[in-house]
Amino acid sequence: MSDGRKISQVSLRGAIAREISRNAPLEKVVHERQLRNFTRRASAAAIFIQRVWRCFYVMKKVGKQLQEQWTALADSYDNQETVDWISSNLIRPFLFFTSSFTSHLNLNLASEGCLSVCFRILLQSINTADSGKNFCSQAVGTVEERSRWFSKQKS
């Protein structure tokens with residue numbers, strides 16, 4: 001054999017009958033590193049999928065509980081509540097249920113009649129002459145009421 005084509009032999013375990021080439025341990029190390037990287041990425045992907053699923057499950061559970069509480073609260077409405085009560089206890093949860101974020105959670109709004117209940121209460125509020133109970137008076141009322149209306153609109 002010529003010297004240029006001769007493969008260098010390295011003994012890694014002392015005196016053995018067969019010597020190992022230099023490239024074999026390097027290839028083994030590279031392969032083990034690739035395997036560790038793949039395992040780490042697969043574990044991270046599994047943890048991410050579990051986190052997304054848990055979030056979906058918890059959001060569905062909490063959304064259902066909030067919808068039940070909202071329905072009970074809306075059923076107890078007696079047209080004596082203030083604008084702040086309507087805004088914080090009626091409108092905010094209603095917007096949560098009807099948002100695109102919760103629409104894929106299958107919160108059955110049509111069968112519960114949430115839409116009709118909410119609009120019925122809003123229409124009763126609008127027909128009230130008392131500005132403390134008229135929901136629309138926040139939008140056209142004093143400067144303080146308008147600022148409260150716009151801040152709630154943005155949140």
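Tyrosine 57 sits in helix 1, where helices are DSSP runs of H or I with at least four residues, strands are E runs of at least two, and both are numbered from the N terminus. This is a predicted model, so local features need pLDDT of at least 70 and side-chain atom pairs count only at pLDDT 80 or more, while totals for chains, interfaces and linings use all residues. Residues are numbered from 1 along each chain as its sequence is written, and side-chain values use heavy atoms, leaving out hydrogens and water.

Let's step back to the whole chain. Seven helices and two strands make up its secondary structure, in the order β-β-α-α-α-α-α-α-α from the N terminus. Of its 155 residues, 22% are buried (under 20% relative accessible area, with a 1.4 Å probe and protein chains only; exposed is over 50%, partly exposed in between).

Now look inside. In soluble globular proteins, nonpolar side chains tend to be buried together.

Back to helix 1, which spans residues 23-75 and also holds arginine 33. Arginine 33 is partly exposed, with a relative accessible area of 44%.
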